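Notebook open, structure loaded. I'm jotting things down in the order I looked them up.

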Amino acid sequence: MSAAVPPPSRDRARAVIRRGTVLSTIALLGIAGVYVLAAAFTPIEARQGVAQKIFYLHVPAAWSALLAFSLVGIVSVLYLWLEDPRLDRFAASSAEVGVVFAAVMLTTGPIWAKPIWGTWWTWDARLTLTLFLFFLFVGYLSLRGALHDRRERARFSAVVGIMGLVLVPFVHLSVYLFRTLHPQPIVLKPSAPSLPWEMLRTLLVSTLMFTLLYVGLVTLRYGIGLAAEAREAHDAG
Amino acid sequence: MPEGLRLALVVAGKDIRAELRSKTALLSATVFAALVLVIFNFARDPTALSAADLAPSALWVTFAFAAMVAMNRAFTVEREHDAIDGLLLAPIPREALFAGKLLANLAFVATVEAVALPLFVLFFNVDLSRSLWGILGTAVLATIGFVAVGTVFGAMVVRTRFAELLLPVLLLPFMVPPLVGAVQVTSRLLADRPLSEMLGWLRILAAYDVVFVTLAALVFSSVVDE
C-alpha cells in the first residue's frame with residue numbers, strides 16, 4: 001500500500017520547514033512575552049513567593065509533552081491500520097518534540113520543588129508516571145534510531161507506541177497505590193486551581209504559546225523528515 | 001488437542017531442545033541471577049539494613065534482570081543463518097508462532113527463577129515454609145505479562161545491531177507495574193499478612209497479564225511480517 005506513495009519532493013520539504021520555522025519563531029517570541037507577562041504583570045503568589053512563577057512554564061510544558069505523547073499513541077494505532085507513511089512521520093516528530101517538552105517539565109519541576117517541597121525529587125505518583133513516560137519515549141526514539149528500513153521502523157515504532165498507550169494506566173495505578181499504601185513524608189501538593197484572573201490569564205497565554213511551539217516544532221521536524229526522505233530517494237536514483 | 005496449540009508446542013519444543021543441547025544461554029542466565037543475588041548482599045550495609053528488609057526487592061530485581069538476559073536469546077538464535085525466515089515460511093499461524101515463542105521464553109525464565117529462588121532463601125536467610133506457594137503463584141502471575149511484552153520486543157530489537165542494549169531500555173518501563181505489584185505481595189507474604197491485603201495487587205498483576213498477552217499476540221504479526 002505505502003510502497004506506491006511517491007517520495008516527497010524537496011520543494012515540498014522546504015515549504016514545510018519554512019512554515020515550521022515561522023510558527024516556532026512566533027511561539028518563541030510569544031513565550032518571551034509570557035516571561036514579561038509573568039514577571040511584571042502577574043501578582044506574586046502569597047505563600048510560595050517568586051518560586052511560583054515557574055508554574056507558567058512548567059504546566060504548559062507538561063501540557064505540550066502529554067499532548068505529544070498521547071498523539072503518538074493514537075497515531076500508532078492508526079498507522080498499523082492504515083499504513084500511511086505520513087502518520088509515521090508525524091509520530092516520529094511528535095515523539096521527538098514531546099521528549100524535549102518532557103525534559104523542560106522534568107527540569108522546571110525540581111527547581112520549583114526544592115524551595116517549596118524542600119526536596120528536588122519525591123516519588124509522588126504524578127512525578128513517577130511522567131518520568132516513566134519520558135523513559136518510554138527515549139526508548140521509542142532509540143529504537144527508531146537503530147532501525148534503517150523505513151517501513152519496518154514505522155511498524156515497530158507503532159507497536160511500541162500502542163503498547164505504551166496501554167501501559168500508562170497500569171503504571172499510574174501501581175505508582176499511585178505504591179505511594180498511598182506507603183505514605184511518604186508529608187508532601188505539599190499543588191492546590192486545586194482557583195487562580196486569580198491575572199494568574200489564570202498568564203497561564204492560558206503560556207499554554208497557548210507552548211501549544212503553538214509544539215505545532216511549530218512538529219511541523220519543522222516533519223519537514224526535516226520529508227527532506228531526509230527526498231534526499232534518500234534522490235541518492236537512490 | 002487444538003491445531004494451534006499443537007503448533008505452538010512444536011515451536012516451543014524446538015527452542016527448548018536447541019537450548020538443552022547447548023545450554024549456553026540458560027547456564028549464563030542462571031549464573032547471572034546468582035551473581036546479582038550475591039552482589040545485592042554486598043551492596044547492603046548489614047548494620048543498617050537487615051537482609052529481611054531488602055529480601056523482596058532483591059528477589060524481584062534479580063528475577064527481572066535474569067529474565068531480560070534469558071529473553072534476549074529467543075530471537076537472537078533465529079538471526080543466525082536467517083533461521084527466522086524458515087520459521088516464518090512454515091505454515092504456522094502467527095498467533096501460534098507467538099504462543100510458541102512465549103512458551104519457550106516462559107520455560108527459560110521459569111527455570112532461571114526456579115534456580116534463583118533456593119539461592120535467595122539461602123543467601124537472605126528467609127523462611128518460606130509458610131509462603132512458598134504464595135511466592136510461586138506471585139512469580140507466575142508477575143512473570144507472564146512482561147515475558148509476553150519481552151517476546152514482542154525481542155523480535156523487534158533483533159533486527160537492530162544493539163539488541164542486547166535496546167531490549168532492557170524498551171522493556172524496563174513495562175516491568176514497572178508487575179515488579180511493583182510482585183514486591184508488594186512478596187513483602188506481605190513474608191510478613192504473614194492476610195490475603196485481603198494483597199488482593200488489590202494480585203488483581204492488577206492478573207489484569208496486566210490478560211491485557212498484555214492479548215495485545216502482544218495481536219501486534220506480533222506486525223512485527224514479524226514484512
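**End of helix 2, chain A.** I started where helix 2 of chain A stops: the residue that follows is Glu83(A), and its phi is positive, near 50°. This is a predicted model, so I treat that angle as the predictor's version of the backbone. Glu83(A) sits in the loop between helix 2 and helix 3 (85-117) of chain A.

**Helix lengths, chain A.** I then checked helix 2 itself, residues 55-82. Its 28 residues at 1.5 Å each should span 40 Å, and I find its end C-alpha atoms 40 Å apart, so the two agree. I did the same for helix 4 of chain A: 22 residues should span 32 Å, and the ends are 32 Å apart, which agrees too.

**Chain A overall.** I count 6 helices and 0 strands, in the order α-α-α-α-α-α along the sequence. The C-alpha trace spans about 65 × 45 × 25 Å along its principal axes. Of the 237 residues, 38% are buried. I also looked at contacts with a separation of 6 or more: 84% of these in chain A join residues 24 or more positions apart.

Which helices of chain A supply at least two residues each to the side that touches chain B? I first noted that the contact takes 24 residues from chain A and 24 from chain B. On the chain A side, helix 4 (125-146) and helix 5 (150-181) are the ones supplying at least two each. Helix 5 gives the most, with 15 residues. By class, I have 19 nonpolar, 3 polar and 2 charged residues on that side of chain A. For the complex, the predictor gives an ipTM of 0.89 and a pTM of 0.87.

**Back to helix 4, chain A.** I listed its buried residues, among them Phe132(A), Phe134(A), Phe137(A) and Tyr140(A). Thr128(A) and Gly139(A) are on the buried list as well.

**Largest nonpolar core.** I find 130 residues in it. Those with the most contacts inside it include Val159(A), Ala66(B), Ala70(B) and Val152(B). Helix 7 (residues 132-157) of chain B gives the most to this core, with 14 residues.

The mean pLDDT of chain B is 89, and 100% of its residues reach 70 or more. I looked up Asn41(B), which is in helix 2 (residues 24-42) of chain B. Asn41(B) has 14 other C-beta atoms within 10 Å, so I call it partly exposed. Its C-alpha atom is separated by 8.6 Å from that of Ala58(B), 17 residues apart along the chain.

My last stop was Asp192(B), with a positive phi of about 65° although it is not a glycine. I place Asp192(B) in the loop between helix 8 (163-190) and helix 9 (199-224) of chain B. Why does Asp192(B) count as exposed? Because it has 9 C-beta neighbours inside 10 Å, and 12 or fewer makes a residue exposed.

Terms used. Residues are numbered from 1 along each chain as its sequence is written. Chains are lettered from A and ligands numbered from 1 in the order in which they are written. This is a predicted model: local features need pLDDT of at least 70, side-chain atom pairs count only at pLDDT 80 or more; totals for chains, interfaces and linings use all residues. Helices (H or I, at least four residues) and strands (E, at least two) are DSSP runs, numbered from the N terminus. The expected span of a helix is 1.5 Å times one less than its number of residues. A residue is buried if 20 or more other C-beta atoms lie within 10 Å of its own, exposed if 12 or fewer, and partly exposed in between; C-beta atoms are placed from the backbone. Two residues are in contact if their C-beta atoms, placed from the backbone, lie within 7 Å. Ala, Val, Leu, Ile, Met, Phe, Trp, Tyr, Cys and Pro count as nonpolar, Asp, Glu, Lys and Arg as charged, and the others, Gly among them, as polar. A nonpolar core is a set of buried Ala, Val, Leu, Ile, Met, Phe, Trp, Tyr and Cys residues joined through C-beta atoms within 7 Å. pLDDT is the predictor's confidence in each residue, from 0 to 100.
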